[in-house]
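Please read the following explanation alongside the sequence and the coordinates.

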Amino acid sequence: MESYFRYWGKAEKEGDGYHLLPYHCLDVAAVGAAWWDASPAIRHGFKQHNDLLEEQLRAWVLFYIALHDYGKLDARFQLRVMPLWKSLYPNANNYQVLPSILECKSYYHGEGGLSWFIQDNAAKLSGGVLQREDVGWDFLDQMETSFGTWDLWKPWIESVTGHHGHIKSADCVPETAISSACDKRLGEVDRLARREWLHAVESLFLSPVGLSLTDTPPIYSPLMAGFCSVADWLGSRCDDENFSYCREELNLQTYFEERYVSDASRTLQIAGVIGQPKFYEGVNALLDKKNTPRSLQTLVDDLPLETGLSLVEAPTGSGKTEAALAYAWRLVAAGLADSIVFALPTQATANAMLGRLERVAPLLFADKPNLLLAHGLARFNKAFTNIKHCAIEGYDSQEDGWVQCSQWLAESRKRVFLGQIGVCTVDQVLVSVLPVKHRFVRGFGIGRSVLIIDEVHAYDAYMYGLLEEVLRQQKSSGGSAILLSATLPERQRKQLCSAWGVNPGKQEEKAPYPLITWTDGAEPHFHELDPVQLPENVAVKVEPILIEGLLPDETLLRRIIAAAGAGAQVAIVCNLVNLAQGLVRTLRDMTGLPVDLFHARYCYRHRQEKELDVIDRFGLGGDRETGRILVATQVVEQSLDIDFDWLITQLCPVDLLFQRMGRLHRHHRPGKRPEGFEKPLCTVLLPEGDDFGLHGVIYTNTRVLWRTAKKLVAEPDGEILFPKAYRDWIESVYQEDGWENEPVAVTEGYEKFKYEIEEIKRYKARYMVDTAMNPFNDTDDKVLAVTRDGDMNLSVVPFCRTAQGRMLMDGTVFETLDELRQLEALSLNSVGVPKSWKYDLEKSDEGRFWLEMEQEGEGYRGVSKGVTFRYHKDMGLEREK
């Protein structure tokens, strides 16, 4: 018997049932092999920068996957199930001193495997000249060896041994030798087993395609860590039907082929990670039968059928979403991607997008594709999501692949990366480049997808720094990205292209609009519309009003009420939640007309109800017979298909102002607009001076606010002409050169913003990407904290104490749930609040703030540190100070 058959890989508590380690390693490799063979996109991603034959590249990938549990070939791991160790381990009863229980528990086989690989192969890696005890390990980065260059081996070994959540650097991993007090024969037995396993895997995968350990491995793919991790998760699903326990000595080749044909393929189908794309039928298939392709939709078939970066700039309502989906469909159907990940700036926009994608998903994929929303409202294979912990309590189950899979999927926000179409907020994408456990699983899911990011202009310097890294990773993974915006300044376009490795150079003339910019990393290609497809000019009447506090006075409020009374659909957009809440109360005191409120400070269920209600009332099918008022925050300015006759908004940067204006007369309703609102009207509330107050805290680039206000006041005709204004206004407001007569205070404020805010945010983003700190747990509050550098980065969980435990706002009693469902419940009942609130809240576990409340009428009231908080499903969470 080969010595590696003396090691278990998975076991029950007392060792009654167990699965030998070589078989578990081959189970995982079989999943990898079946997935590789079924996915042209994965093969394409790994072939980036490699000119090896595909069969040889596949062999290297499976070879490394089979080494993922190299660290389990160690007595300390094996001793975690003592009865099993005694029955399996060579000469188990003959050893004098064994490792202690503490030493066994503190041994992590992931980083242990990396350390052992280096120690076991140091002589080979150094050409037999240097020994491990003679020098430090720095020589590994410099030596050309019989194994090939260590720099090429290093990332592969680091990634497969880091599959448990965190990839350790070989330069930093500590030595992992068994305590010197223990019997030295244990180390020799383990070393022999590891050497035999290394050569067995070489014979199984490398030798049949003419390779050996002496050959130079391929260039590393960033897909590898996530690919190996998910393959390990799926290959760890041991039961009576899938990868059932095996303890007999079998031929490795025969075992692998049997698992490849049966278990691996079946498990991939259960997981739903392999989709069946349908043939591309053109953008027409995504449109209603009465509609024909228009605007940018007519350019989809002209775009290259290659992976690359696409920047789509077009007006709100011009069909960018369908154009992006059609191009993504082309790429998926051609085998250049497996799936589509659609990222949006807010939860509201992500929720709204789900409904649109539910309709088109069956057109893009066959066999009921997994369409997933990253907020818990998702359709996913129940056999995969209802997974439970395995019977492996006898050792540290946190390192087991199936348990890790259970925990990772417990918060449904992550499932978007394992389906065919995923919808999420951009935060979930940014995490793939941050120090969060299992970030590489997200990176793998994104890399095998077409990544579509909507409203790409809507992020601050910190998030842009992270987004640039996402684009660099996406390119190196062989994936594609499509970025959508109506209002993208030229400097941002250049910034995004640079992240893809492009040097756009200086543009002599103003870029046309609308425009699609495509690049594969070389010279960008510009795709312009045929003149007959250019959008019609639309004039929006603007009414700037200088007003104290940027809040409607009584005169304006009376106008709003009168307009709604005459049948107008009116929206008022505030920059702060508390202003919106206060304004709703004022209006409701003044009129019996319906006044709705919509913002982000609700628990998920109530926020979802609000979103659906807003879309039902103000969307395409809404009742326009009765006037209505909506008071909202920035959640309505992006991607929501809603339509108003009159918009009143507080001052904001010009690009966001234009987004808000995009909700005016969005739907074609000839002859059905109330009298006086036949043309779109936007009233903008401006400060009486140059002090922007809290609005300057929300939008820290006050020069942009000042310039936007000046252009509104100076507009000679009192109207803005679109789409011309998208280039003219935005480039003018965001130009680097100062304006004539620009106040010194405004210029100085911009310099402070640029160097003390924007540059620092970009530095923070770079630091977070490069940091070597221990990774955060992959929970929602941590995700929010590391992806946002703004105010909305605290998670509050309101609750009422009951006899059964803490009752959350959706009626769930937290203590009655199992551990996995508790994570989901916290996700659905957390409320995002400004970080300034932390001084009024009691600190609690995992960075969340538990806020105890009592029922008060239809709502709830609580007191923390002398401050009163109220929660109502209509008003959301409020703080009274």
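The buried residues of helix α11 are Met 224, Ala 225, Gly 226, Phe 227, Cys 228, Ser 229, Val 230, Ala 231, Asp 232, Trp 233, Leu 234 and Gly 235. Buried here denotes a relative accessible area under 20%, exposed over 50%, and partly exposed in between, computed with a 1.4 Å probe on protein chains only. The helix is thus described as mostly covered, with twelve of its twelve residues buried. Helices (H or I, at least four residues) and strands (E, at least two) are DSSP runs numbered from the N terminus. The end C-alpha atoms of α11 (residues 224-235) are 16 Å apart, which agrees with the 16 Å that twelve residues should span at 1.5 Å a residue. That expected span is 1.5 Å times one less than the number of residues in the helix.

The model is a predicted one, in which local features need pLDDT of at least 70 and side-chain atom pairs count only at pLDDT 80 or more, while totals for chains, interfaces and linings use all residues. Residues are numbered from 1 along each chain as its sequence is written, and side-chain values use heavy atoms, with hydrogens and water left out.

Strand β13 (residues 538-546) takes part in two pairings. With strand β19 (residues 719-722), β13 pairs in the antiparallel sense over four bridges, and Ala 539 has Leu 721 in β19 as its bridge partner. With strand β18 (residues 681-686), β13 pairs in the parallel sense over six bridges; here Glu 543 stands opposite Thr 683. Two strands are taken to pair if DSSP finds at least two bridges between them. In a regular strand the side chains alternate between the two faces of the sheet.

Two individual residues may be considered next. Gln 297 is located in the loop between β3 (276-277) and β4 (309-313). Gln 297 counts as buried because its relative accessibility is 3%. Leaving aside neighbours within four places in sequence, Gln 297 is in contact with Val 283, Leu 287, Thr 292, Ser 318, Gly 319, Glu 322 and Ala 323, a contact being heavy atoms within 4.5 Å.

Arg 6 belongs to the segment before β1 (8-11). At 32% relative accessibility, Arg 6 counts as partly exposed. Not counting residues up to four places away in sequence, Arg 6 touches Met 1, Gln 78, Leu 88, Tyr 89 and Pro 90. The C-alpha atom of Arg 6 is separated by 9.7 Å from that of Glu 249, a residue 243 residues apart from Arg 6 along the chain.

Charged pairs form a further theme. The whole structure contains 43 salt bridges, each defined as a side-chain nitrogen of Lys or Arg within 4 Å of a carboxyl oxygen of Asp or Glu. One of them joins the side chains of Asp 74 and Arg 76, at 2.8 Å from N to O, and both Asp 74 and Arg 76 are buried.

Another salt bridge connects Arg 191 with Asp 120, whose closest N and O atoms are 3.9 Å apart. Arg 191 lies in helix α10 (residues 184-206) and Asp 120 in helix α7 (residues 109-120), so this pair ties together parts that are 71 residues apart in sequence. Arg 191 is partly exposed, at 30% relative accessibility, whereas Asp 120 is buried, with a relative accessible area of 17%.

A salt bridge is also found between Arg 624 and Asp 643, with 3.8 Å between the closest N and O atoms. This pair links distant parts of the chain, 19 residues apart: Arg 624 is in the loop between α23 (604-618) and β16 (628-632), and Asp 643 is in the loop between β16 and β17. Both residues, Arg 624 and Asp 643, are buried. Through shared partners, salt bridges join Arg 624, Asp 643, Asp 645, Arg 669 and Arg 673 into one network.

Cys 172 counts as exposed, at 64% relative accessibility, whereas Cys 424 is buried, with a relative accessible area of 0%.

The protein chain has a mean pLDDT of 85, and 88% of its residues reach 70 or more; pLDDT is the predictor's confidence in each residue, from 0 to 100. Confidence in the protein chain is lowest in helix α15 (residues 382-385), at a mean of 39, and highest in strand β17 (residues 646-650), at 98. Over residues 126-148 the pLDDT is below 50, and this stretch has 46 contacts in the model beyond near neighbours in sequence. The pLDDT is also below 50 over residues 375-398, a stretch with 81 contacts beyond near neighbours in sequence.
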